[in-house]
Structure formats: structure tokens, C-alpha cells
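Me: Hi! Could you walk me through this structure while I have it open?

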Amino acid sequence: MSERIGFIGLGIMGSGMAQNLLKAGFELAVWNRTASKMEPLVESGATAADSPADLARRSDITVICVSDTPDVEAVLLSEDGVMHGVGAGDLVIDCSTISPIRTQELAKGLAEKGAHMLDAPVSGGSEGAAQGTLSIMVGGDEDQVARAMPVLEAMGRSITHVGGNGAGQMVKLVNQILVVNGMLALGEAFLFAQAGGLDLEKTFKAVEGGAAGSWALTYRGPQIIERDWRPGFMIDLQQKDLRLVLEAADEFGVPVLGCSTTFHLYRTLQSRGLGGEGNHALIKALEYLADMQVGTEAE
Ligand code: NAP
């Protein structure tokens with residue numbers, strides 16, 4: 001009999017990931033703080049749980065995908081949290097991007113109840129979550145990774161076991177260093193193209209397939225040209241990831257100059273009330289500096 005799965009956190013990422021678990025044929029319970037977000041999943045065949053504890057009681061494997069470290073702590077440790085429903089032998093898979101150190105402590109807390117934990121943060125954006133093509137970086141014990149594989153394979157295409165508890169979160173921070181520096185490059189490139197009087201569509205087509213090609217350019221380049229700032233990944237969450245990178249880099253004593261710059265640029269956008277826009281709106285911070293705009297529609 002296949003394991004019963006529970007999913008907590010039906011946001012931009014979690015809603016697509018949970019739908020893919022249903023499509024793969026898993027028996028699925030869901031819980032979301034804002035209850036209305038459970039409706040599409042229930043219509044697709046999931047059962048709505050009353051609380052994270054209730055969900056954990058109904059599940060062998062509980063998957064979590066919420067925003068930040070305190071939010072994972074809330075769904076795990078609060079009065080009606082997972083910790084109060086989890087049983088010996090159960091597995092918790094945390095797909096949120098959170099602190100690697102805190103992840104290790106949470107895994108120890110679960111181990112005291114005889115339960116297991118994997119950190120399995122994801123990359124691939126809202127598109128990857130919806131299409132089941134995420135890259136998943138997994139930290140934890142080998143046997144639990146093997147046990148989790150059918151669940152992870154339902155949500156992702158590239159699944160890599162990178163080490164013990166917390167290692168998945170560390171690799172995710174490496175991923176974010178690459179992502180934000182790419183996003184800064186995208187902003188600088190489009191602003192430069194606009195200032196040089198180039199046709200942005202043609203410029204995009206000319207460079208997309210060459211050595212400068214990237215996921216960010218393919219998916220977010222057209223959004224920048226159209227000035228479509230709807231989030232695949234919100235600035236507020238990107239900022240949270242940069243905070244985690246800067247904290248770890250400070251501890252390690254390594255320079256992360258690009259991340260430091262983008263952290264402050266995103267901060268200026270948050271101050272302007274743009275934290276809910278997509279991370280590709282980073283270009284707006286450069287536009288303010290240059291006193292010009294890319295794209296056609298003036299805002
Ligand atoms: P999102 O759309 O803002 O969804 C966040 C989810 O977390 C919602 O279900 C929210 O519930 C829940 N939540 C937040 N705080 C909570 C709390 N204290 N208690 C209970 N539930 C809480 O964010 P997302 O884009 O799906 O991101 C989720 C995680 O995936 C984050 O760690 C993010 O860094 C990571 N991630 C995102 C992307 C991306 O492209 N979007 C890519 C890779 C990784 P409500 O509905 O009630 O607000």
C-alpha cells in the first residue's frame with residue numbers, strides 16, 4: 001500500500017506541487033492557513049484537514065511548503081502543529097526555503113518523537129511547480145530519501161541527495177546566489193539595451209539561445225519587456241532568501257558582493273510597497289537609479 005501523504009502550504013508553489021501528488025495517484029490530505037486555498041485541491045480529490053496536527057495524524061509523510069523559518073516553526077511546533085500529530089516512523093519533508101541551522105534543530109526535535117525529516121527545498125518557479133519539473137535538493141538520511149523518492153518524483157524532475165539534514169537548504173542558498181545575480185544581470189542588460197535604442201524583443205531573441213541564455217532570461221525576460229510584474233516568486237520571499245545567504249556568508253567569512261547589492265536594491269523596492277511583485281521587478285530599482293524605463297507602457 002502506498003503511503004498516505006499530507007501537504008501543508010498551498011501557495012504559489014504548494015498548490016501546483018499538491019496537484020501533482022494527486023495526479024500521481026497518492027491519497028492526499030491538505031491544510032492551508034487560509035482555508036479557501038484548499039478548495040481546488042478538495043475538488044481534485046484531496047481531503048481537507050482541520051489543522052497541521054490533524055493532517056499529520058492522517059499521513060505517513062507530511063510535506064510542508066510555507067514561507068520562512070518562523071512559518072515552518074509555526075506549522076510544526078504550535079499548539080495544533082505537526083509535532084502533536086506525528087507518529088514514530090513518520091516522515092516530514094520540508095520543501096520551504098529556510099535556515100539550514102534551524103532545519104537541523106527541527107530534525108532533532110522530530111527524531112525525539114521517532115519521526116524523520118528531510119529538507120527538500122525546490123527550484124524551478126511557479127512553472128516548475130505546476131508542471132512537476134522542479135529541481136529538488138535533498139538533505140537527510142539515505143533510507144528516508146529512498147522512501148521519499150516517489151513523492152519527490154511526482155513533484156520534480158531532478159532530485160539530488162546532497163548530504164545530511166540542512167545540506168538541502170545550503171544547496172538551495174547556492175541556487176539563490178546564482179538566481180539573484182542572474183536577475184541583476186537581466187536588469188542591467190535590458191536597461192542597457194533600452195538606453196542604446198535597441199528593439200527589446202529582437203535583442204531577447206538574439207541572445208536567448210547563446211551562451212547568455214538562462215531560465216531567468218527565457219521565463220522572465222518577456223515579462224520584463226511587457227512590464228508584467230506578476231510574481232512567480234515574490235520580492236518579499238526573494239529578500240528572505242538573500243537574508244539567509246548573507247547570514248551564512250557572514251558566518252563563513254566569504255564575500256557575496258552581488259547578493260549584498262541585490263539585497264539592498266530589493267529593500268528599496270519593498271520600501272516602495274512592491275514586495276508582492278515578482279523578483280524580476282529588480283529592474284525597477286535600476287530604473288529609478290537611471291531615471292528611465294524599459295518596455296513600452298509608461299507607469
Ligand atoms: P506563497 O505563495 O506566499 O505561499 C506561502 C504559503 O505559506 C501559503 O500557503 C501561506 O498560507 C503559508 N504560510 C505562510 N506563513 C504561514 C504560517 N505562519 N502558518 C501557516 N501557513 C503559512 O509562497 P510560495 O512562492 O509558494 O513559496 C513557498 C516556499 O517555497 C518559500 O519558502 C519560497 O521561498 C519557496 N520557493 C518559492 C519559489 C517560487 O518561485 N515561488 C521557488 C522555489 C522555492 P496563506 O495562504 O494562509 O497565506
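This is a predicted model: local features need pLDDT of at least 70, side-chain atom pairs count only at pLDDT 80 or more; totals for chains, interfaces and linings use all residues.

Me: Let's begin with the ligand. Which residues come nearest to the ligand?

Reply: There are 27 residues around the ligand, and N32, T34, K37, G232 and K240 come nearest.

Me: What does the backbone of G232 do there?

Reply: A polar backbone atom of G232 is 2.7 Å from a nitrogen atom of the ligand.

Me: You listed K240 earlier. Is K240 buried or exposed in α11?

Reply: K240 is buried, and among the other buried residues of α11 are Q238, Q239, D241, L242 and L244.

Me: How far does α11 reach?

Reply: Helix α11 covers residues 235-252, which makes 18 residues. From first C-alpha to last, the helix reaches 25 Å, close to the 26 Å expected at 1.5 Å a residue.

Me: What do its buried residues pack against?

Reply: The buried residues of α11 pack against α4, α8 (167-195) and α12 (257-271).

Me: Why does T69 count as buried?

Reply: Because its relative accessible area is 8%, and the buried class takes anything under 20%.

Me: Back to α11. What follows the helix?

Reply: G253 follows α11, and its phi is positive, near 75°.

Me: Where are they, and are they buried or exposed?

Reply: R227 is in the loop between α10 and α11, and R227 is buried at a relative accessible area of 8%. D291 lies in the segment after α13 (282-290), and D291 counts as exposed at 71% relative accessibility.

Me: What about Q223, where is that one?

Reply: Q223 is in helix α10, residues 215-225. Q223 is buried, with a relative accessible area of 12%. Leaving out neighbours within four places in sequence, Q223 is in contact with D228, R230 and H280.

Me: Changing topic: what does M13 touch?

Reply: Not counting residues up to four places away, M13 touches C65, V122, G125, S126, A129 and L134. M13 is in helix α1, residues 12-23, and is buried at 18% relative accessible area.

Me: How far is M13 from G124?

Reply: Their C-alpha atoms are separated by 9.6 Å, with the two residues 111 apart along the chain.

Me: Last one, the rings. How many aromatic pairs are there?

Reply: A search of the whole structure finds 1 aromatic pair.

Me: And what sits over the ring of Y288?

Reply: The charged end of R272 does, 3.6 Å from the ring centre.

Terms used:
Residues are numbered from 1 along each chain as its sequence is written. Side-chain values use heavy atoms; hydrogens and water are left out. Rings of Phe, Tyr and Trp (its six-membered ring) pair if their centres lie within 6.5 Å; planes under 30 degrees apart count as stacked, over 60 as edge-to-face and the rest as tilted. A charge sits over a ring if NZ of Lys or CZ of Arg is within 6 Å of the ring centre and within 35 degrees of the ring normal. Buried means under 20% relative accessible area, exposed over 50%, partly exposed in between (1.4 Å probe, protein chains only). Helices (H or I, at least four residues) and strands (E, at least two) are DSSP runs, numbered from the N terminus. The expected span of a helix is 1.5 Å times one less than its number of residues. Contact means heavy atoms within 4.5 Å. A residue is near a molecule or strand if one of its heavy atoms lies within 4 Å of it. A polar contact is a pair of N or O atoms within 3.5 Å; within protein, one must be able to donate a hydrogen and the other to accept it, and residues adjacent in sequence count only if both atoms are side-chain atoms.
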